[in-house]
Amino acid sequence: MLSQKTLIRLAPWLVVALFGLLWEGIVVAFNVPEFLFPSVSAVWHSTLDHWDPIMMHATQTFLTTLAGFAIAVVFGLLLGAAVGSSPIIYKALYPLLVGFNSIPKVAFVPVLVVWFGIGTIPAILTAFLISFFPVVVNVATGLATLEPEMEDVLRSLGASRLDILKKVGLPRAMPYFFASLKVAITLAFVGSVISETVASNLGIGYLMMAASSSMDMALVFAGLIVIGIMGVVMYELFALIERKLTGWAHRNPNGAM
Amino acid sequence: MHTCLRPPVSIMDFVRFEDVSLAYQPGSPFAIEDVSLSIRENEFIALVGPSGCGKSTVMKLVTGLKPPSKGYVYVDGREVGGPQKCVGMAFQASNLLPWRTTLQNVMLPMEIVEPYRSTLRTKRAEYEEQARILIKRVGLAGFEDKFPWELSGGMQQRASICRALIHKPRLLMLDEPFGALDAFTREELWCMVRDLWQEEPFTVVLVTHDLREAVFLADTVYVMSKRPGRILARREIDLPRPRDLDVTYSEPFADYVHELREHIGHIRQS
């Protein structure tokens, strides 16, 4: 018998395996042509056949995404700190931020192409534009929900606004911040791949566009899966960092860490 | 003792309110109105009254977190013109920082208040030793490195009071600090505060709903009215010190509580 714990650890892998089997089964059972919907095994073979170019384009997408994400984190942290610690800035900037976030970023890519040409820079910027918003909102929320009594305690000790931010505000906002990183990194992949499909000759997005124009659906799906895997790996990485750094916010109710 | 050199009474007052009123927004009704009181150095006073009578407003005025709309507030002979640095505060919620251990929480004021702040780097060991001694005095020995969620409500409140006292403030403000605790824990914490205060006296302003708590701990009890808060009665508690918990079952104690209760009763009927 498997213990409950191993079952929980194995569950995600089992689901993925089950999903793959179902996919393979449907394609084989209904005899779906490969140029419409390739089977898992066809995607796997295509991946092996095109291993080097896939790795090259994946590395490009990965680095582009990380660059955009890094800018988003720095920018989001600064803007979030400003928005969260000043009600005036909060009121003043929120409509603009929400409005901007409502714009589909794919609509922004042509503008970036005019400004920066096709290639890596628009992809980095699209990744940045699409992923900074959750960071801003979460950091601002973490700061704005500081208990007024705590602020009184610190102010009555003679703490400056910067002291309060450093000693209480930012540490308290950290769980919110890390939660937003997990969302932001997956969004950053969306941003960079969108930009690559529209305006690049490098990256997984470009690879998929090229493959679909030559009806190589197996390669298109290989690209999709590579993006998915990169997203999951980065998500898990940030989840791990989150647990290490803000364990105090994720404790069990019975007290053990 | 300095009895022979005692200066004029007004200078002896450590905290002094002269006809103080406060409206939180200009034009809105007063939260407190025409409050005058004076607190001697090392006196333990309690403010009692119905909910929303402006007891916490008095705290904000003393600590300089709010300036009065009318009247004057003096602390240590000087008019209050901003947040006071010689004040420690504790509230009903312990407000401990969940990412810090008990010791780190208690050390927080040392990272902010001068002269500790600028000497913290060189004297950290010494200050931590002071914190450990204080933690031991409130009965938390062995819990220095525990996080707040590993402490019971009463223990969190003990740590919170340590944090309020670590920088040796001359004035301790307690805003219903025992309100969320069960009756037995509450009585234990009364004794803890009593002992801390008796061993190394400081001035205390205790805001509470609990008349027994006020009579047990305070030298002087002030009864406040409903909004706008005014001082309706001032009662000195002449029970001998040190007071033991047994005193709460004595007749003079019951008489004090009864008398104060009648004031509150009048307020509620009016």
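Visitor: Is the crossing of α7(A) past α8(A) left-handed or right-handed?
Guide: A crossing is left-handed if the near helix is turned anticlockwise from the far one by less than a right angle, and right-handed if clockwise. Helices are DSSP runs (H or I, at least four residues), strands likewise (E, at least two), and both are numbered from the N terminus. By that rule α7(A) passes α8(A) in a crossing that is right-handed.

Visitor: What kind of model is this?
Guide: Residues are numbered from 1 along each chain as its sequence is written, while chains are lettered from A and ligands numbered from 1 in the order in which they are written. Local features need pLDDT of at least 70, side-chain atom pairs count only at pLDDT 80 or more, totals for chains, interfaces and linings use all residues, and the model is predicted.

Visitor: Which angle class do α7(A) and α8(A) fall into?
Guide: The axes of α7 (residues 148-156) and α8 (residues 161-198) of chain A come within 11 Å and cross at roughly 125°. Axes are lines fitted to C-alpha atoms, for helices over the stretch in contact, and angles run from 0 to 180 degrees between N-to-C directions. Under 35 degrees counts as roughly parallel, over 145 as roughly antiparallel, 65 to 115 as roughly perpendicular and the rest as oblique. So α7(A) is, relative to α8(A), oblique.

Visitor: Which residues of α8(A) meet α7(A)?
Guide: Contact means C-beta atoms, placed from the backbone, within 7 Å. From α7(A) come A:Met150, A:Glu151 and A:Leu154; from α8(A) come A:Asp163, A:Ile164, A:Lys167 and A:Val168.

Visitor: How many residues of chain B touch chain A, and how many of them are nonpolar?
Guide: On chain A, 19 residues take part, in contact with 21 of chain B. Ala, Val, Leu, Ile, Met, Phe, Trp, Tyr, Cys and Pro count as nonpolar, Asp, Glu, Lys and Arg as charged, and the others, Gly among them, as polar. The side of chain B has three polar and three charged residues, and its nonpolar count is 15.

Visitor: How many helices does chain A have?
Guide: Chain A has zero strands. Its C-alpha atoms fill a box of roughly 75 × 60 × 30 Å along the principal axes. The helix count is ten.

Visitor: Which helices of chain A do the buried residues of α10(A) pack against?
Guide: A residue is buried if 20 or more other C-beta atoms, placed from the backbone, lie within 10 Å of its own, exposed if 12 or fewer, and partly exposed in between. In α10(A) the buried residues include A:Phe221, A:Val226 and A:Met234. They pack against α2, α3 (51-85), α8 and α9 (204-213).

Visitor: Is A:Asn31 buried or exposed?
Guide: A:Asn31 sits in the loop between α1 and α2 of chain A. Its phi is near 55°, a positive value in a residue other than glycine. A:Asn31 has 6 C-beta neighbours inside 10 Å, so it counts as exposed.

Visitor: How far apart in space are A:Leu36 and A:Val137?
Guide: A:Leu36 lies in the loop between α1 (4-30) and α2 (40-49). A:Leu36 and A:Val137 are 101 residues apart in sequence, and C-alpha to C-alpha the distance is 41 Å.

Visitor: What is omega for the cis peptide bond between B:Glu114 and B:Pro115?
Guide: B:Pro115 is found in the loop between α3 (102-107) and α4 (116-137) of chain B. Most peptide bonds are trans. The bond between B:Glu114 and B:Pro115 is cis, with omega about 5°.

Methods. Two residues are in contact if their C-beta atoms, placed from the backbone, lie within 7 Å.
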